[in-house]
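Dear colleague,

I am passing on the structure we spoke about, and my notes on it follow below. Please read them alongside the model itself.

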Amino acid sequence: MPAEIRVFAPATVANVAAGFDILGFALGQPGDEIAIRRRKEPGIVLHNRTDFAAMPLEPSANTAGVALQAMLAHLGSDAGFEITFLHKIKPGSGIGSSAASSAAAVYGANYLLGEPLTRQQLVPFAMEGEKLASGTAHADNVAPALMGGFVLVRSYHPLDLITIPAPPLLHCSIIHPQIELKTEDARKVLKKQISLKDAVVQWGNVAGLIAGLLREDYSLIGRSLHDVIVEPVRSLLIPGYDRIKDAAMQAGALGCSISGSGPSLFALSTSEADAQRISAAMLDVCRACGLQSESYVSGINSQGVRVL
Ligand code: HSE
């Protein structure tokens, strides 16, 4: 076993339009990278070598720290770990920044302990990091970050995670407008009650999307990428949202919606060339709106977190 390993944990797209809190998938890039090693003494020590100076390094205030503490408590282990954050997805981006840190930490520590837990068994501990970051222990980012591909959270109590293989042609364009939107704040704007009429539309789309993924039916995937509950409220927090989405659809996207709690948008398509064209069209609109943005084009990451 090497003394120190490097771990890459991918960015993730949660919700995937209609599946608020119950569906997500992992991207090939970007992602978080950490170095992790065992310490001789118990305790968790964190170092930050990323571009984000504001990261708390007290383990109980850090998403990766609390996730690792929860895992060690479960194992009854007094093993100590030193983690250096080397590369970080921008916090507040909507592509699972806190999830990637938590996933990398628990996966790396589990690896160095000889893998007493499976990837799936690591999910509840990484969810503790989400609870710290957003106030809610949602699994739709951490589960795909750890397990790869698409993951459906069929139930939270008890936790029931269903992996869904990604159709091979599927590609994703991510546009990340450079504004910070905290998940906690983006959850506060949501209505606590929804109409039965909207619920019927929404669960039709969730079921259609799952069927489309399983049948590799790209047209059905596209028809199902609609969210009548969360997107209408949250899109108001993202400047130029409707125009950026229109550009994606006109450029040939199967569908486009908010990635996680935003401000990033994702669009799905069936080739890298299409994803690049869609990304360029979305960026053009961002520029026209005076909205500085970053973009990523990626296939679906079927592996999830990995040792480099
Ligand atoms: N399901 C969560 C939300 C994902 O939309 O608030 C946050 O990335």
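**Ligand and domains**

A polar side-chain atom of R187 comes to 2.7 Å from an oxygen atom of the ligand, and for R234 the distance from a polar side-chain atom to a ligand oxygen is likewise given as 2.7 Å. In the side chain of N141, an N or O atom lies 2.9 Å from an oxygen atom of the ligand. Taken alone, the ligand exposes 260 Å², of which the protein buries 97% (accessible areas by the Shrake-Rupley method with a 1.4 Å probe).

Please keep in mind that this is a predicted model, in which local features need pLDDT of at least 70 and side-chain atom pairs count only at pLDDT 80 or more, while totals for chains, interfaces and linings use all residues. Residues are numbered from 1 along each chain as its sequence is written, and side-chain values use heavy atoms, with hydrogens and water left out.

The residues surrounding the ligand, each with a heavy atom within 4 Å of it, include A14, F20, D21, H138, D140, T183 and S261, as well as N141, R187 and R234. This shell divides into two nonpolar, six polar and four charged residues, where Asp, Glu, Lys and Arg count as charged, Ala, Val, Leu, Ile, Met, Phe, Trp, Tyr, Cys and Pro as nonpolar, and the others, Gly among them, as polar.

The chain is divided into domain 1 (4-164 + 303-307) and domain 2 (171-299), with bounds from an automatic or database domain assignment, and each contributes at least three residues to the shell around the ligand. The domain centres, taken over C-alpha atoms, are separated by 24 Å, and 31 residues of domain 1 are in contact (heavy atoms within 4.5 Å) with 36 residues of domain 2.

Key. A polar contact is a pair of N or O atoms within 3.5 Å; within protein, one must be able to donate a hydrogen and the other to accept it, and residues adjacent in sequence count only if both atoms are side-chain atoms.
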